[in-house]
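Hi,

Here is the structure I promised to pass on.

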Amino acid sequence: MKTPSATKPNDPPGVPARRAALKLLDAVLRQGLPLEAALGRATAGIERADDRALAHAIAAEVLRRLPDLDALIDSATPRALPEDAKARFVLRIALVQTLSLGTPAHAAIATVLPLVDGGPKKLVHGVFGALSRRGDTLPEIPALPDPVAIRWHAAWGDDMIEAAEQAISAPPPLDLTLADPATTAAWVERLGGTSLLPGHVRLESAHVPELPGFEEGAWWVQDIAASLPARLIGRGEGTALDLCAAPGGKTMQLAHAGWSVIAVDASEARLTRLRANIARTETKARVITGDVLHWSPQEPVDAVLLDAPCSATGIFRRHPDVLYRTRPLVIAQMAVTQARLLTRAAAWVKPGGTLVYATCSLEREEGESRIEAFLAEQGDFTLDPVRADELPAGVMPHERGWLRLLPGQVTPGGNDGFFIARLRRA
């Protein structure tokens, strides 16, 4: 399939959003780009915010339902369409609208037919019509892509696959981290949510800027799994390094826990968001633009939090594109980078200090294997075992002392996938 053209000025109403959705899917599935990174270019020229949001929603839902959508398409064609055929992409968009997003069938097909010409247009119309007449539906629980299901099954087994499929079937809840954990009960009542840990509130969904407490910086959005690495460092009065710090949730946690924080990230663009977050929450932190592979602090510190760059397969609930962009080679390359970062971060920890290593990954190569290799190489570090009373109810640390958080372990509402190890320097 050729890269879709830009939004056309003569598109009928509704078509620009579908054309943008097609561009987004092309960017993820053919070019290997993150969905969020492709959004600006794909929606260029679309003035209505609702249309830009619709394009994103369609593309994201296609990615959540892709194996099941393709199974339907293949059941209605005498020969399987090529994976990169434009007709397949357009049929995915039409079908997901009517079968998952509630768009009437006539509107779904009318707004995608202008995306194709000639024979493919007849094919799209015919296949869509045949599936509509058959009354086919999508399964309630989506299937994972085969390569991902095979990889995760080998690592984690049947229960994890079932939990992952359940996790991607519905929008995740909204987790908030409070600046002052002592106010948890008050904010639970005020926001109408629930709390799974002190300093945490979970909501079903909300428009964040309109929630009470946003403007005054009483809380910030942070998945409960992402809040655990800083929680495991705990309160302190010394200096803490937050490495790969953007967008700033962990920086704010550490600062509000009493630490003097130095936040380091290589991306100036991402640090712009971090600075906005710490300004809104009136958080005091020193912010540095620097690549941790080349930057160094002036002296060792009391605590280091390394939230290492990774495959990010643990955040597939909100970012289903990672299921298609992350391949074994990417995971292997990230593991090499993580090993280098971990070695550098360890050198900056004072004797007796704490090092927390974390990745939002569901791959052993980026978690368990990385820490086992590190401990074999670094004789002056030992695991400081995570305790069950530091975690949400029902979540248990591994017998080795680290935390492997798989989909569905935090209930109700689920969680991102994470690996966290807390280490102590002799």
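Leu 362 is buried, as its relative accessible area is 1% (buried means under 20%, exposed over 50% and partly exposed in between, with a 1.4 Å probe and protein chains only). Before going on, two notes on the source: this is a predicted model, where local features need pLDDT of at least 70, side-chain atom pairs count only at pLDDT 80 or more, and totals for chains, interfaces and linings use all residues. Residues are numbered from 1 along each chain as its sequence is written, and side-chain values use heavy atoms, with hydrogens and water left out.

You'll find Leu 362 in the loop between β8 (349-359) and α15. Helices (H or I, at least four residues) and strands (E, at least two) are DSSP runs, numbered from the N terminus. Leaving out residues up to four places away in sequence, Leu 362 touches, among others, Trp 152, Trp 156, Phe 316 and Pro 407 (contact means heavy atoms within 4.5 Å). Pro 407 is 45 residues from Leu 362 along the chain, yet their C-alpha atoms are separated by 9.1 Å.

**The cores**

Which residues have the most contacts inside the largest nonpolar core? They are Trp 152 and Phe 316, in a core of 88 residues. A nonpolar core here is a set of buried Ala, Val, Leu, Ile, Met, Phe, Trp, Tyr and Cys residues joined through side-chain atoms within 4.5 Å. Helix α3 (residues 49-75) gives the most to this core, with 10 residues.

**Two helix pairs**

Helix α1 (residues 15-29) packs with α3 at an angle of about 45°, their axes 8 Å apart. Axes are lines fitted to C-alpha atoms, for helices over the stretch in contact, and angles run from 0 to 180 degrees between N-to-C directions. That makes α1 oblique to α3; angles under 35 degrees count as roughly parallel, over 145 as roughly antiparallel, 65 to 115 as roughly perpendicular, and the rest as oblique. Among the residues making the contact are Leu 24 and Val 28 of α1, and Ala 55 and Val 62 of α3.

For helix α14 (residues 328-346) and helix α15 (residues 368-377), the axes come within 11 Å and cross at roughly 45°, so α14 and α15 are oblique to each other. Their contact includes Ala 335 and Leu 342 from α14, and Ile 371 and Phe 374 from α15.

**The strands**

There is an open sheet of three strands in the order β2-β1-β3, with antiparallel pairing (two strands pair if DSSP finds at least two bridges between them). Its edge strands, β2 (200-203) and β3 (219-221), each pair on one side only. Strand β1 (residues 174-178) is joined to β3 by three bridges, and Thr 177 stands opposite Trp 220 in β3. Helix α9 (residues 184-191) packs on the sheet and touches β1, β2 and β3.

Elsewhere, strand β4 (residues 239-243) pairs with strand β5 (residues 260-265) in the parallel sense, over five bridges. Thr 239 has Ser 260 of β5 as its bridge partner. β4 is mostly covered, with four of its five residues buried.

Cheers
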